[in-house]
Amino acid sequence: MMMKSACTIVNPPELYDPAPNGYSHAVVATGGSRIAYIAGQGGEDKDGALSPRFADQVEQAYANLRRALDAVGAKPGQVTKITTYVVDYDPSKLGVMTEAVKRTFGAALPAQTLVPVPRLALDGMLFEVDAVAVLD
């Protein structure tokens with residue numbers, strides 16, 4: 001018999017509320033015998049083309065993440081952790097990223113780490129997101 005996984009969001013009252021910024025402090029997964037590790041998804045389309053606009057790349061990266069999750073049979077609510085990598089990060093980019101996270105995950109905001117980086121794998125790549133999902 002396969003156990004159904006469940007993810008419980010934990011935001012301790014002693015810490016600030018991270019939801020407005022699009023993440024949770026911790027996520028506890030139960031029943032997780034199968035875990036999917038999704039490689040970094042960037043803003044390139046199926047043909048490998050990258051928009052020069054940061055917002056376009058963020059939208060495409062989350063669309064790519066959703067496709068990868070679909071491919072392994074995972075829903076956004078099964079994602080426990082994401083890591084985002086941002087070239088030349090400044091606070092003006094946070095709003096774009098937060099809106100994309102909220103559209104993707106709704107109220108089931110995963111734990112998240114943002115890592116500013118000087119560059120990513122492809123020339124012109126400005127954003128990348130990877131994920132860990134508990135499948136069952």
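Me: Are Tyr-62 and Phe-127 buried or exposed?
Reply: In this predicted model, Tyr-62 is buried, as is Phe-127. The word stands for a relative accessible area under 20%.

Me: What makes Phe-54 and Phe-127 an edge-to-face pair?
Reply: The ring centres of Phe-54 and Phe-127 are 6.1 Å apart and the planes stand at 90°. Pairing requires centres within 6.5 Å, and planes over 60 degrees apart count as edge-to-face. The pair is therefore edge-to-face. Phe-54 belongs to helix 1 and Phe-127 to strand 6, 73 residues apart in the chain.

Me: Why is the pair of Tyr-62 and Phe-127 called tilted?
Reply: The centres of Tyr-62 and Phe-127 lie 5.8 Å from each other, with 40° between the planes. Stacked needs under 30 degrees and edge-to-face over 60, so the rest count as tilted. This pair also links helix 1 to strand 6, across 65 residues. Phe-54, Tyr-62 and Phe-127 form one aromatic cluster.

Me: How do you know that Lys-93 lies over the face of Phe-54?
Reply: Lys-93 is at 5.0 Å from the ring centre of Phe-54. The distance limit is 6 Å, and the charge must also be within 35 degrees of the ring normal.

Me: What makes strand 3 and strand 5 edge strands?
Reply: The open sheet has its four strands in the order 3-6-4-5, with mixed pairing. Strand 3 (35-42) and strand 5 (111-117) each have a single partner strand, so one side of each lacks a neighbour in the sheet.

Me: In which sense do strand 4 and strand 6 pair, and over how many bridges?
Reply: Strand 4 (residues 79-87) and strand 6 (residues 127-134) pair in the antiparallel sense over seven bridges; a pair needs at least two. Val-86 stands opposite Phe-127.

Conventions: Residues numbered from 1 in each chain as written. Predicted model: local features only at pLDDT ≥ 70, side-chain atom pairs only at ≥ 80, totals over all residues. Heavy atoms only, no water. Helix = DSSP H or I, 4+ residues; strand = E, 2+ residues; numbered from the N terminus. Phe/Tyr/Trp six-rings, centres within 6.5 Å; stacked < 30°, edge-to-face > 60°. Buried < 20%, exposed > 50% of the residue type's maximum accessible area, 1.4 Å probe, protein only.
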